Amino acid sequence: MPATLPLAENAVTDPFGRRIEYLRVSLTDRCNLRCVYCMPEAGVPYEDLDNVLSFDEIERVVRVLGAAGLRKVRLTGGEPLVRKNVPELAARLVRVPGIREVTITTNGILLPRDADGLFAAGIRRVNLSMDTMRPERFVEIARRPEYARAWEGVEAALRVGFDPVKLNCVVMRGINDDEILDFARLTVDRPLSVRFLEYMPIGMVSPPQWKARYVSNEAVLDRLRAAFPDLAPLSDEQGSTSRNFRIPGARGTVGVINPISHRFCDGCNRLRLTANGKLIPCLSDNYEYDLMAPLRAGSTDGEILQHARDAVAHKPVQSDFEGRVYRGGSLRIMAQIGG
Ligand code: SAM
Ligand code: SF4
């Protein structure tokens, strides 16, 4: 694929001139974990499978947007790999004209089964969620005794040759913030990109509950710099939301992602598609636009594209997580959005 493609003249653009080039596709709202920051312990009523977009429908949306400037697709969930035949979908999306990259975010549990298939499909980059290096703590955070299998997923990703293999760690005060340096040390010998994410107030979390657990990226960076005074900043990857660093001589990198500030809103090129066919223009906003009905009512490609434009017209200039949590919170939990 050429490194640079001409900019699509018919690009989907929001009211602030930002072009949509990146679609996060949630394949399912189901999950084999119950992470405390994402899902209630009892789970949530799952979407009826009739109301979940089929692979054909997902491919069609990607094809329509691919002809209008979409360049990157990330498969997410819920846990995307609990859905059957994800490598087959990945192979179909990789072939869509205009799409340069298909990636996946997974908790890794089913990756030993699917890593080869995903790599063969053309996926090269993978993000794994990993919040602890301690088995007993994994059960507290993910509420399932799957520590060993999750780490086997990390090993499978490295063995198969995904590059980079990113580990996303949601930092929570009093829960895992004492492991920041352990995760950073892991990058010395392993070619992993560890990224510390700020805890976002999404789902059924009250402002005090969120504030009690929230650790800012600056606090994470202070701890990293105190332990590794030679921590070297790396130049930003294009379109990346993380600030990255390397411990001198380390094989991997450490990074921080700060969704709570507006740091990356200026360059935001994202749109989200939920498993039940809603387009979500901003993670911090409850606004969603139904694409399922037009998809199933025989709309033409042109009409589908127009629906995407209508959805994107509602993209706010910048995120407002804090404002929303004080206004009553988000309508969806993170597993129903896809992160
Ligand atoms: N199940 C997959 C996984 O965990 O990687 C994909 C879906 S998950 C919703 C996507 C990402 O959202 C994960 O990296 C997870 O850590 C992150 N996430 C979920 N809830 C979050 C929250 N409240 N704050 C910050 N990140 C969150
Ligand atoms: Fe499942 Fe991912 Fe949410 Fe954890 S973060 S409950 S693995 S969807």
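Helices α3 and α5 are roughly parallel to each other, because the angle between them is about 25° and angles under 35 degrees count as roughly parallel. The structure discussed here is a predicted model. In this pair the axes lie 9 Å apart, and α3 passes α5 in a right-handed crossing. On the α3 side, the residues that meet α5 are L111, P112, A115, D116 and F119. Their partners in α5 are E152, G153, A156, A157, R159 and V160. Sorted by class, this contact has seven nonpolar residues, one polar residue and three charged ones.

Helix α3, which spans residues 111–121, has another neighbour in α2, residues 86–94. The axes of α2 and α3 come within 8 Å and cross at roughly 15°. That crossing angle makes α2 roughly parallel to α3. Here too the crossing is right-handed, with α2 passing α3. From α2, the residues taking part are V86, P87, A90, A91 and V94, and they meet D114, G117, L118 and A121 of α3. By class, the contact of α2 with α3 comes to seven nonpolar, one polar and one charged residues.

What about α1 and α10: how are these two helices arranged? They are roughly perpendicular to each other, since they pack at an angle of about 80° and 65 to 115 degrees counts as roughly perpendicular. Helix α1 covers residues 55–66 and helix α10 covers residues 301–312, with the two axes 10 Å apart. R60, R63, V64 and L65 are the α1 residues in this contact, while α10 brings in D301, I304, L305 and A308. The contact of α1 with α10 divides into five nonpolar, no polar and three charged residues.

Next come the ligands. Ligand 1 is surrounded by 19 residues, and the closest are Y37, G78, E79, S129 and M200. Which parts of Y37, G78 and E79 do nitrogen atoms of ligand 1 pair up with? For Y37, a polar backbone atom sits 2.9 Å from a nitrogen atom of ligand 1. For G78, a polar backbone atom again takes part, at 3.0 Å from a ligand nitrogen. With E79, the side chain is involved: one of its N or O atoms is 3.2 Å from a nitrogen atom of ligand 1.

Around ligand 2, the residues are C31, L33, C35, Y37, C38, M39, G78, N107 and A335. By class, the shell around ligand 2 holds seven nonpolar residues, two polar ones and no charged ones.

Most residues other than glycine have a negative phi, and most peptide bonds are trans. N85, though, has a phi near 65°, a positive value in a residue that is not glycine. N85 lies in the loop between β2 (72–76) and α2. The other spot is the peptide bond from D163 to P164, which is cis, with omega near 0°. P164 is found in the loop that runs between α5 (147–160) and β5 (165–171).

Finally, there is K278, part of strand β11 (residues 278–280). The side chain of K278 makes a polar contact with the side chain of D290, at 3.3 Å. Leaving out residues up to four places away in sequence, K278 touches R272, L273, E288, Y289, D290, L291 and R332.

Notes:
Residues are numbered from 1 along each chain as its sequence is written. Chains are lettered from A and ligands numbered from 1 in the order in which they are written. This is a predicted model: local features need pLDDT of at least 70, side-chain atom pairs count only at pLDDT 80 or more; totals for chains, interfaces and linings use all residues. Side-chain values use heavy atoms; hydrogens and water are left out. Axes are lines fitted to C-alpha atoms, for helices over the stretch in contact, and angles run from 0 to 180 degrees between N-to-C directions. Helices (H or I, at least four residues) and strands (E, at least two) are DSSP runs, numbered from the N terminus. Angles under 35 degrees count as roughly parallel, over 145 as roughly antiparallel, 65 to 115 as roughly perpendicular and the rest as oblique. A crossing is left-handed if the near helix is turned anticlockwise from the far one by less than a right angle, and right-handed if clockwise. Contact means heavy atoms within 4.5 Å. Ala, Val, Leu, Ile, Met, Phe, Trp, Tyr, Cys and Pro count as nonpolar, Asp, Glu, Lys and Arg as charged, and the others, Gly among them, as polar. A residue is near a molecule or strand if one of its heavy atoms lies within 4 Å of it. A polar contact is a pair of N or O atoms within 3.5 Å; within protein, one must be able to donate a hydrogen and the other to accept it, and residues adjacent in sequence count only if both atoms are side-chain atoms.
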